Structures are given as C-alpha cells and as structure tokens.
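Please look over the sequence and the structure below before reading on.

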Amino acid sequence: MKNLNIKWIYLLILSLIWGSSFILIKKSLLGLTPYQLGALRTIITGIILLVFGFNKLKAIPKSKWKWLLLSGLLGSFIPAFFFAIAETEIDSAVTSILNSLVPLNTILLGFAIFKIASTKRQVLGVIIGFTGTAILILKGAELNPNQNYLFASFIIASTVMYAANVNIIKRHLQDVKPLAIAAGSYAFIIIPAFIILIFSNFFTLETYNNPALPKALMYITILAVFGTAIAKVLFFKLVQLSTPVFASSVTYIMPIVALGWGILDGETFSFIQGLAALLVLVGVYLSHKHKA
C-alpha cells in the first residue's frame, strides 16, 4: 500500500515538472539555437548529476555499463536535441500531446522486441491513440500554415526512444540505484554534448551580444536542474517502484500542464485539436495495464 501511494506521488510531481518543460524549451529557443539548447541542457544536467552521484559509479557492475550508455543516448541525449529542433516549428502544447505516445510505444516495443503479449483492449488503445495523433498533426498544420508539422516526426521518434529506454531500465537496470543510473548515463553523453556546443557557434560574439541570451540561459538552467536532473532520478525510481507502462503514463497529466502554459503564452489551439488530444489520451488509457 505504501508503494502504491508513493508511486502516485512520484507520478504527479513528474507530470508537473515535465509538463512545464515544453514552455521552458520554447523560451530558451529565443536566445539559443536548438543545438546549443540540447548541448547546454545535457552539460548542465551532467555536471549536477556527476557532482552528486559520482561516488555511486564505482558500485555499478561492469555488465550494466552498456545499458547505461544506451539509456543515456535514447533517454536523454538524442531527445534533448530532437525536442528543441521540433519546437522551432510547432507549438509547445502540441509537442506535449505528441509526447503522450510514450506509453503506446512502450507497449508496441514490449510486444515487438520483448515478446510481451498485448490484449485486444491495448491494440484498440494503440489504434485510437495514433488516430488522434494523425488528426492533431493534420489540424495543427491547417490551423498554423506557417508551422512545418513534418517536425512532429522528431517528437514521435523521441517517444519511441523513451519507450525503449523505460524497458531497458526495468529489464536491465532494476537493481541499480536511480542516482547511479542517471549519473552513469550522463557520464557517457556529457563529452559529446561539449563537442556539439563548441561547433554550435555558442562561444562567439554574435551569441554573447544577443539580448535574449541571459533569459534563455536562465530558462535552460531551470530546465536542466528540475526538468532533467531531478526528474531523471525521480523517474528511474518510479520505474523501479512500478512497471514501464505505469511509469510512462506520466504523459497522462503532462499535456494538461503544458496546454495551460501554452495558452497563457498565446498559443492557438482549436476545438478539433482538443478532441484529437482527447483521443490520444483515451488511447493511452485503454492501452494502460492496470495491474501496475
């Protein structure tokens, strides 16, 4: 019973933190390029996690390191850049709803790779969820003709990577401490992030003279500390306390938080898009294994 209550508390906190991350990415992009944003987010998060979790690394068995590398790439490094690239073209609220495909992809990957059987209800949920996604993208492109909705593919690809990551954590890193998972995975990706930052023209007068840079750096720091460093540790703990599908259902509540931020920031969102978003969430709900 105690675990049951704790996992719901983790789920709610993560929903609030990650639901706010989309607007923070949008605001950071006012003073940074997508590659600078992705690199800085990874570097700041990596420094924080390695400062607090470095002493945990020696306790990680050698056999686990390959999974930490894969977890770092799929769960953190690549999506950090993909989300930033996507939000140069599509609204933060729409991005958050597309992110709700994570639980559906968790089930699909579980079935395809790990041979986990799916029920008829789950298959129906996947179909409904992807129908809602298609409508959301098509209506968004119609409502915002100046936005390139092909960039939604970056979010969809990220949800597949997140789904793979959550299965990796549950199956191969279950007995590793959450802070050790986070620090270990960032030990691999922090150096490539530095290399990308160097080649992104961040260290130039043009970047430093941008009046939007100070605020952008403030937003990216908030995003890295709360939306990535603290949230990663909480998420890994949630996966270990529950199941991959329950943990990935953090995306139930995230769009509500993100939609609120988006509307406050002047983003347009049609009634049809609202229905499409509801379809996505219904699909996620139907595909959810309640024995979590």
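In this predicted model, the largest nonpolar core has 76 residues, and the members that touch the most others are Leu14, Trp18, Leu98 and Phe235. Helix H11, residues 213-241, supplies the largest share of this core, 11 residues. As background, nonpolar side chains in soluble globular proteins tend to be buried together. When neighbours within four places in sequence are left aside, Leu98 is in contact with Ile90, Thr133, Leu136, Ile137, Ala152, Ile155 and Thr159.

One of the helix pairs to inspect is H3 with H11. The axes of helix H3 (residues 34-53) and H11 cross at roughly 50° and come within 9 Å. On the H3 side the contact is made by Leu37, Leu40, Arg41, Ile44, Thr45, Ile48 and Leu49. On the H11 side the residues are Leu217, Ile220, Thr221, Leu223, Ala224, Val225, Gly227, Thr228, Ala229 and Val233. By class, the contact of H3 with H11 divides into 12 nonpolar residues, four polar and one charged.

The other pair is H6 with H8. Helix H6 covers residues 102-112 and helix H8 covers residues 152-172; their axes are 8 Å apart and the packing angle is about 60°. H6 and H8 are therefore oblique to each other, and their crossing is right-handed. From H6, the residues Val102, Asn105, Thr106, Leu109 and Gly110 take part. They meet Ile156, Thr159, Val160, Tyr162, Ala163, Ala164, Val166 and Asn167 of H8. The contact of H6 with H8 has eight nonpolar residues, five polar and no charged ones. Thr159 of H8 takes part in this contact and is also one of the residues in contact with Leu98.

Helix H2 (residues 21-28) is largely enclosed by the rest of the structure, because six of its eight residues are buried. The buried residues are Ser21, Phe22, Ile23, Leu24, Ile25 and Ser28.

Two of these lead on to Ser92. Which residues does serine 92 contact, leaving aside its neighbours within four places in sequence? They are Phe22, Ile23, Lys26, Glu87, Gly262 and Glu267. Serine 92 lies in helix H5, residues 92-98. With a relative accessible area of 1%, serine 92 is buried.

Phenylalanine 246 gives another pairing of sequence and space. This residue lies in helix H12, residues 244-248, and is buried, with a relative accessible area of 2%. Phenylalanine 246 and tyrosine 186 are 60 residues apart along the chain, and their C-alpha atoms are separated by 24 Å.

Is asparagine 201 buried or exposed? Asparagine 201 has a relative accessible area of 51%, over the 50% cut-off, and so counts as exposed. Its place is in the loop between helix H9 (178-199) and helix H10 (205-208). The backbone of asparagine 201 also deserves a look. Most residues other than glycine have a negative phi. The phi of asparagine 201 is near 65°, a positive value in a residue other than glycine.

Technical notes
Residues numbered from 1 in each chain as written. Predicted model: local features only at pLDDT ≥ 70, side-chain atom pairs only at ≥ 80, totals over all residues. Heavy atoms only, no water. Core = buried A, V, L, I, M, F, W, Y, C linked by side-chain atoms within 4.5 Å. Buried < 20%, exposed > 50% of the residue type's maximum accessible area, 1.4 Å probe, protein only. Helix = DSSP H or I, 4+ residues; strand = E, 2+ residues; numbered from the N terminus. Contact = heavy atoms within 4.5 Å. Axes fitted to C-alpha atoms, helices over the stretch in contact; angles between N-to-C directions. Parallel < 35°, antiparallel > 145°, perpendicular 65-115°, else oblique. Left-handed = near helix turned anticlockwise from the far one by under 90°. Nonpolar A, V, L, I, M, F, W, Y, C, P; charged D, E, K, R; others polar.
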